[in-house]
Amino acid sequence: MRYARFISSFILLATLLSPLARADQLADIKKKGEIIVGVLGTDEPNSFIDPATRKIVGYDVDLSEAIAKKLGVKLTLKQLSVAARIPELEQGRIDLLAASLTHNKEREAKIDFSLTTLVTGQRVMVRKDSGITAVPQLAGKKVLTVKGGTQEPNIRKAVPTADVITFETSLQAFIGLQQGKGLGYVNDEVSLFNNYGKLGDAQKDYIILPQNLSIEPLALGIRKGESGLKKEVDDALRALEKSGEAERLFFKWYGPNSKVKLDKRTFKIDSDKVDG
Amino acid sequence: MSFDLNLLLAGTYHDWLIQGLRLSLGMAGITLVLALPLAITVAMFRLSPLRALQWLGATFVESIRNVPLLAHMLFWYFGAPELLPDGIKRWLYAGNIEVLSAIAALTLYTAAYMAEDIRSGIRGISSGQFEAGRSLGFSFLGTMRLIILPQALRVTIPPLVSQTLNLWKNTSIATVIGVGELMYQAAKVESTAFRSAEAFAFATLCYLSVSLILTVLGLLYRRRFPVRVA
Amino acid sequence: MSLIEVIQTYWVYFLIGQFPDGPLGGLSLTIVLAAGGLLLAFPLGLALAIARMSPWPILSWPVTSIVYVIRGTPLLMVLFWAYFFLPSITGQKISQFSTMLGALVLFNAAYLSEIFRAGIQALPTGQFEAARSLGLSYFASLRLVVMPQVMRNMLPSLVNQFVSTIKDTSLGYIIGLSEVSFIASQINNLVLTKPTEIYLVLALAYFLLCFGLSRFAFWLERRHARSSVLGGDRSKMSHPAKSKLTEQT
């Protein structure tokens, strides 16, 4: 069949010619005076659109700004879908990922990570009238989440029989939960708390199940082997931690005055090691 | 990373992809069955002597064809069902609302295009035929059903086959509302196993094979029943 | 938040995205993409059409296969290949915008080639033969005699193809390109309580744009049928091309 041959030779080409090795990325960034950072823009409070200014804002954005400042270059944000994050970085279309990205062992094979910038759990929100009070009760039930993140594999691991339905953005899954199209909605804890905060009066109808599906260390993604850039990024993050700026940013986006309402910060930006 | 053919031949990922293919085919099949009668009805409306019906038919066709299928899908999934009363809503949502919404969107979208093909097929039949039918004492619908439609369908089959081909390709868009069809499963394999080349190659091959079969069927039909020029 | 407030808060974002402080988005990006995707596909589509009709099988055969492959694949699939695999082949960094544009150009070229081919074939062969017997070369006959007539005949089909392209740009949503469908979903996500209304506004925006254009195509067709010497013949010819070829996604 001629189509089959056409396709298979195409694939062969695509896989043989892996991305070309590039010169030092840090030098490139400095030379062009610009760092392109991939963000989601759809995951409040990490990165989302501010209606008043029509700009993307959030914790991820503030961190990126600090890094751009340290490097002395201009920051350009690029909006990405969750599923496209790692391919975009690998193919060099962005310099750095600040996109609610979980640092885990599987991904270490593909990309490098900065120091951990946020530690959050991953949990499930349900409607109260569903009667569900613990994660295992989701067996055989419809659970909604975002496509291409760690949420989907994590809930499958926790409840193998759950009927997981995924969408392009996590907030669409959240709307699905509100409309009753699924019984549970899985996301990172900080995003869940934020979404819960947005419910206003309807908060009484929802609960966030206490069990953590997993603990997710979030970090910035860096292309494999770009040690120069990684060092600069890590230095910038360490400086933020040392000056107390990191703590201030944490409370700005996740503190008691935000929708997330966390009252303490249980981690420090000081390690790029993860287990499991 | 080399191309791992075994991944596609057996195992979990294979099962996911096959499941996706089945659902895509199923959705296309059900949509076709639902869209055809709807399309014929709309075409009848547009050709009927009643102004109000003509207008209704035209509004249906234009309002649907001028909006992308993706927006239809989002509307039929996130928007429309919310307008239903609570009881029906809960009953619907307990079932497979994703597939239902996708089929609703696909059916309306496909029917709007097919209605136009059927209409131009009918208009291609000389008006003498219609008048002869009427003067033999058949009603409007009787003339249509017994004299015009059988002839029109013959002319209309090839464009309807290409609409079916479009329908087949359009099932891929259901991925945005969480329907576990072929595209969705390919993306799932990609994000779970990082085997994007294999998953997308499989999906592409499936889409192409079915498209090829439909194209060949269309060509065979045209050869078997060439359009007679009056 | 009432719908009026939603519109007041977000209408600028809906129309232009983050522009001018950020990239262009929203409805403007949709139009720019569709226009670019169609215009840039012209030369390629024409080349494909001419290659398909060329007297040399070595040229027509592979080109025909390519056109069939593209038309047998969902645009979404073409988009995924362009997005995830094209860069590994070319080694080029390309943005979501260029990816979408590239996929649209490729896709449109395949469809345009059919429109061009139908247009060229519908022209009485005497035109081409007359040009050749006047001593014009194969390409000169095409360029000077055949194409100008074909272009005029094909104008309605081209406007309809533009409508299809506008609708096709909605797939940018899936790769996170901030065209109007993506923006509408983003607004929906921020507002949370008005999905029906917001998606209706989105549908309405597309409708106004596409319906306006398809009326324009209809008007062109009418005017052309009236003014043309061979009016009857040609309007019949452009009709099947419109209904069969240009309706995509």
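Me: Which residue of β10(A) is the bridge partner of A:Val143?

Reply: A:Gly184 is that partner in β10(A). The model is predicted: local features need pLDDT of at least 70, side-chain atom pairs count only at pLDDT 80 or more, and totals for chains, interfaces and linings use all residues. Residues are numbered from 1 along each chain as its sequence is written, while chains are lettered from A and ligands numbered from 1 in the order in which they are written.

Me: How many bridges join β8(A) to β9(A)?

Reply: Five bridges link β8(A) to strand β9 (residues 163-167), again in the parallel sense. A:Val143 has A:Val164 as its bridge partner in β9(A).

Me: What makes β8(A) mostly covered?

Reply: A residue is buried if 20 or more other C-beta atoms, placed from the backbone, lie within 10 Å of its own, exposed if 12 or fewer, and partly exposed in between. In β8(A), five of five residues are buried.

Me: Why is A:Arg54 called partly exposed?

Reply: A:Arg54 has 19 other C-beta atoms within 10 Å, so the count falls between the two limits. A:Arg54 lies in the loop between β3 and β4 of chain A and has a positive phi of about 55° although it is not a glycine.

Me: Why are β2 and β4 of chain A said to stand at the edges?

Reply: The open sheet has three strands in the order β2-β3-β4, paired antiparallel. β2 (42-43) and β4 (55-57) each have a single partner strand, so one side of each lacks a neighbour in the sheet. Strand β3 (residues 47-50) is joined to β4(A) by three bridges, and A:Asp50 stands opposite A:Lys55.

Me: How do you know that the peptide bond between A:Glu44 and A:Pro45 is cis?

Reply: Its omega is about 0°. A:Pro45 is in the loop between β2 and β3 of chain A.

Me: Which helices of chain B supply the side that touches chain A?

Reply: Residues are in contact if their C-beta atoms, placed from the backbone, lie within 7 Å. On that basis 22 residues of chain B meet 20 residues of chain A. α5 (86-94), α6 (97-124), α9 (182-193) and α10 (196-224) of chain B each supply at least two residues of that side. α10(B) gives the most, with six residues.

Me: What classes of residue make up the side of chain B that touches chain A?

Reply: Ala, Val, Leu, Ile, Met, Phe, Trp, Tyr, Cys and Pro count as nonpolar, Asp, Glu, Lys and Arg as charged, and the others, Gly among them, as polar. The side of chain B that touches chain A has 13 nonpolar, five polar and four charged residues.

Me: Why is α5(C) called largely enclosed?

Reply: 10 of the 10 residues of α5(C) are buried, so the rest of the structure largely encloses this helix. Among them are C:Leu79 and C:Trp81.

Me: Which residues touch the most other members of the largest nonpolar core?

Reply: A nonpolar core is a set of buried Ala, Val, Leu, Ile, Met, Phe, Trp, Tyr and Cys residues joined through C-beta atoms within 7 Å. Of 214 residues in the largest such core, B:Met73, B:Leu74, B:Ala186, B:Ala203 and C:Leu79 touch the most other members. Helix α7 (residues 96-122) of chain C has the largest share, 15 residues.

Key. Helix = DSSP H or I, 4+ residues; strand = E, 2+ residues; numbered from the N terminus. Pairing = 2+ DSSP bridges. Contact = placed C-beta atoms within 7 Å.
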